[in-house]
Amino acid sequence: LTGWTLCACCCKYNFKVMILRYKATIPGNKTFMREYDVDSRMSLYKLREYMDRELGFSPDQMTVFETFSANGKPSRRIGLFDFGDGSMDRITIDNTVSHEETVLRYVFNLNLNLCIELRLEGEQEFNRRLSYPVLVAEKGRNPDQFSAVYEDYEEFSDRHATMTSSQEDD
């Protein structure tokens with residue numbers, strides 16, 4: 001029974017849960033970073049809902065996932081509605097992995113083409129005490145969904161503090 005595990009709580013066979021870690025970044029920005037552990041059976045729509053909540057985005061906006069291979073070759077464009085490659089509610093994380101799509105670009109503002117890239121980092125151990133998806137690491141402030149520029153005021157504060165202290169040393 002390869003791929004099956006015995007469930008300790010109900011003693012029935014269940015399909016093995018695969019947890020994948022994705023590292024999220026904003027292209028061209030070194031400040032913002034998130035790491036998420038997600039259940040591979042999750043639909044892209046459920047991932048969208050989670051990311052919108054976690055990042056403080058408005059859930060009523062049109063969004064798409066663009067998928068890419070490891071070498072950066074574009075593969076599919078998956079929206080709330082089927083553009084020909086499937087819709088978010090029908091495509092799972094596991095489906096993207098089976099198509100060897102290791103990068104998911106979440107375009108959260110279609111007008112300004114603002115996105116977050118989720119890069120597959122690897123498989124993680126399933127923890128039955130957690131509810132997936134789960135945020136496991138973060139750096140930087142959440143981006144503004146409607147602003148063309150990502151601003152992290154803490155970054156400016158740190159840089160300013162460093163510049164001020166180096167000027168005082170002179």
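1. Overall architecture. This is a predicted model, and its chain holds 3 helices and 9 strands. Read from the N terminus, the elements follow the order β-β-β-β-α-β-β-α-β-β-β-α. Among the contacts between residues at least 6 apart in sequence, 58% join residues that are at least 24 apart, and examples of such pairings come up under several of the points below.

2. Burial and surface. Of the 170 residues in the chain, 38% are buried. The accessible surface of the chain comes to about 10,600 Å², and carbon and sulfur atoms account for 49% of that area.

3. Confidence along the chain. The mean pLDDT of the chain is 85, and 79% of the residues score at least 70. Strand S4 (residues 33–39) has the highest confidence, at a mean of 98, whereas strand S1 (residues 4–6) has the lowest, at a mean of 44.

4. Two stretches to read with care. Over residues 1–13 pLDDT stays under 50, and the model has 16 contacts beyond four places in sequence for this stretch. Residues 156–166 also stay under 50, but for them the model has 0 contacts beyond four places in sequence. Where pLDDT is low, the predicted coordinates should not be read in detail.

5. Ala24 and its surroundings. Ala24 belongs to strand S3 (residues 19–25). Which residues does Ala24 touch, not counting those up to four places away in sequence? They are Phe32, Met33, Arg34, Tyr36, Ile116, Glu117 and Leu118. Glu117 is 93 residues away from Ala24 along the chain, yet their C-alpha atoms are separated by 5.3 Å. Ala24 counts as buried because its relative accessible area is 0%, which is under the 20% cut-off.

6. Ser40, in a loop. Ser40 sits in the loop between S4 and helix H1 (44–55). Is Ser40 buried or exposed? Its relative accessible area is 4%, so Ser40 is classed as buried. Leaving out residues up to four places away in sequence, Ser40 touches Met18, Leu20, Thr92, Ile93 and Asp94. The C-alpha atoms of Ser40 and Glu123 are separated by 9.7 Å, although these two residues are 83 apart along the chain.

7. Thr96, in a helix. Thr96 is part of helix H2, and with a relative accessibility of 0% it counts as buried. Beyond its neighbours within four places in sequence, Thr96 is in contact with Tyr22, Leu44, Thr67, Arg76, Ile91, Glu101 and Leu104.

8. Backbone features to inspect. Glu100 has a positive phi of about 55 degrees although it is not a glycine, and its place is in the loop between helix H2 (93–98) and strand S7 (101–109). Asn113, likewise not a glycine, has a positive phi of about 55 degrees and lies in the loop between S7 and S8. Glu100 is exposed, with a relative accessible area of 60%, and Asn113 counts as exposed at 53% relative accessibility. A further point concerns the peptide bond joining Tyr132 and Pro133, which is cis, with omega at about 5 degrees. Pro133 is placed in the loop between strand S8 (114–124) and strand S9 (134–139).

9. The second largest pocket. Rolling a probe the size of a water molecule over the atoms shows where empty space is left. The second largest pocket has a volume of about 190 Å³. Which residues lie nearest the centre of this pocket? Of the 13 residues that line the pocket, these are Ile26, Leu114, Ala148, Val149 and Tyr150. Sorted by class, the lining of the second largest pocket has 9 nonpolar, 3 polar and 1 charged residues.

Terms used: Residues numbered from 1 in each chain as written. Predicted model: local features only at pLDDT ≥ 70, side-chain atom pairs only at ≥ 80, totals over all residues. Heavy atoms only, no water. Helix = DSSP H or I, 4+ residues; strand = E, 2+ residues; numbered from the N terminus. Buried < 20%, exposed > 50% of the residue type's maximum accessible area, 1.4 Å probe, protein only. Contact = heavy atoms within 4.5 Å. Areas by Shrake-Rupley, 256 points an atom, 1.4 Å probe, with all protein chains shown as cover. pLDDT = per-residue confidence, 0-100. 1 Å grid on protein atoms, 1.4 Å probe; cavity = no way out; pocket = protein on both sides within 12 Å on 5 of 7 lines; lining within 4 Å. Points joined across faces, edges and corners; volume = space filled by probe spheres on them. Nonpolar A, V, L, I, M, F, W, Y, C, P; charged D, E, K, R; others polar.
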